[in-house]
Amino acid sequence: MLKAVVLDGYTLNPGDLDWSPLKELVDVTVYDRTTYSLDEVALVIERAKDVDIILTNKTPIPEEAINELPKLKYIGMLSTGFDVVDVKAAKEHNIVVTNIPSYGTDTVSQMAIALLLEICHHVGSHSEAVKRGDWTNNADWCFWNYPLIELSGKTMGIVGYGRIGQATGRIAQALGMKVLAFDHYKDEGLESESMKYADLDELYASSDVISLHCPLTEENRELINKESIKRMKDGVIILNNSRGPLINEVDLAEALNNGKVGGAGLDVVSTEPIKKNNPLLTAKNCIITPHISWATKEARLRLFNTAVENVKLFLEDNPTNVVNK
Ligand SMILES: NC(=O)c1ccc[n+]([C@@H]2O[C@H](COP(=O)([O-])OP(=O)(O)OC[C@H]3O[C@@H](n4cnc5c(N)ncnc54)[C@H](O)[C@@H]3O)[C@@H](O)[C@H]2O)c1
Ligand SMILES: O=C(O)[C@H](O)CO
């Protein structure tokens with residue numbers, strides 16, 4: 001049996017899933033967590049030095065680690081995104097890297113819309129206000145503490161119109177929104193009365209809501225910054241449940257605080273867990289959740305089943321979902 005290590009198994013399986021199907025395939029050690037920091041790569045190397053297979057969700061595998069792991073043959077992402085792995089270095093060392101596509105399409109798009117609806121209605125905050133007694137003590141029969149926003153007729157710009165982007169676009173259209181999508185690959189068959197592809201300039205200029213659903217690459221790091229924000233509508237709402245580094249957080253915090261950006265719903269930030277000095281923590285009209293878009297039990301189970309299938313097919317010399325061909 002090949003030796004394997006799961007470097008950060010706890011968030012995938014905090015106890016409600018069963019590792020057994022993986023244990024039937026490989027001799028695996030599961031660590032709840034190892035590190036999320038490039039400064040602690042030594043621990044990754046120590047834990048992986050004797051293994052053929054690494055499974056990781058957010059533990060980084062940079063070139064520095066790959067160079068020190070001569071036995072390594074396979075890195076299985078426990079996620080769709082694979083930006084924590086140096087896939088080019090892996091390729092140079094003939095290490096196969098696979099990811100888990102599709103498991104999160106429904107659950108992640110649902111969360112993108114949940115962030116948007118929270119910004120539009122502040123359901124959680126209004127419920128807290130009611131329980132605090134603010135309704136009981138109110139002169140009128142109703143009150144609201146924030147401007148309430150109707151989405152129908154507004155435009156959502158979606159950057160990255162792949163699986164999650166399209167699913168988010170479908171829900172937005174069901175809410176009566178128009179969708180403008182930017183992607184390097186266009187499937188013109190998707191265009192309709194309420195959905196069109198656009199370049200980034202048009203998307204920024206015309207969108208009331210901008211939702212990020214592209215993978216993080218060197219090309220699009222800090223795509224949302226002072227300059228791109230200037231090209232957006234005043235009061236635009238920005239959603240990001242893809243990857244934190246797509247946004248320059250200092251620039252977004254400034255734009256939220258001066259009102260250029262009307263609201264942000266973020267499930268991801270540049271460094272996770274979030275640093276206590278992250279300027280978005282104190283920015284106006286900014287909702288932040290702790291990278292939970294993927295984490296419904298339904299999605300985690302699908303993720304786990306695909307991860308096991310990926311390992312099985314790799315062992316059969318027929319790898320699937322390879323991201324570094
Ligand atoms: N927050 C979470 O819990 C969570 C969960 C799953 C996925 N994600 C993120 O969502 C991303 C998208 O997932 P998916 O399943 O839709 O992937 P996908 O591969 O189906 O779609 C990504 C799309 O982005 C496009 N794209 C690539 N680079 C681009 C760029 N620079 N500008 C515009 N478009 C670009 C691709 O052509 C593709 O159509 C993942 O890469 C991951 O970062 C986050
Ligand atoms: O990319 C993903 O699948 C999510 O971020 C969970 O790891």
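Figure 1. The model is predicted, with local features needing pLDDT of at least 70 and side-chain atom pairs counting only at pLDDT 80 or more, while totals for chains, interfaces and linings use all residues. Residues are numbered from 1 along each chain as its sequence is written, chains are lettered from A and ligands numbered from 1 in the order in which they are written, and side-chain values use heavy atoms, with hydrogens and water left out.

**Figure 2. The open sheet of seven strands.** The strands follow the order S8-S7-S6-S9-S10-S11-S12 with parallel pairing, two strands being paired if DSSP finds at least two bridges between them. Strand S8 (195-197) and strand S12 (286-288) stand at the edges with a single partner strand each, so one side of each is left without a neighbour in the sheet. From one strand to the next, the twist averages 15°, with axes being lines fitted to C-alpha atoms, for helices over the stretch in contact, and angles running from 0 to 180 degrees between N-to-C directions.

Figure 3. Strand S6 (residues 155-159) and strand S9 (residues 209-212) run parallel and are joined by four bridges, and Val-159 stands opposite Leu-212 in S9. Helix H5 (residues 105-121) packs on the sheet, touching S6, S9, S10, S11 and S12 (contact means heavy atoms within 4.5 Å), and its direction makes about 145° with that of S10. Helix H10 (residues 249-257) lies across S10, S11 and S12, running at about 135° to S11.

Figure 4. The structure holds one cavity of 30 Å³ or more, a cavity being a set of points on a 1 Å grid over the protein atoms alone where a 1.4 Å probe fits but cannot get out, with lining residues having an atom within 4 Å of a point. About 30 Å³ of space lies in the largest cavity, a volume being the space filled by probe spheres set on the points, which are joined across faces, edges and corners. Its lining includes Leu-12, Trp-19, Phe-304 and Val-308, and helix H11 (residues 297-315) gives the largest share, three residues.

How values were computed: 1 Å grid on protein atoms, 1.4 Å probe; cavity = no way out; pocket = protein on both sides within 12 Å on 5 of 7 lines; lining within 4 Å. Helix = DSSP H or I, 4+ residues; strand = E, 2+ residues; numbered from the N terminus.
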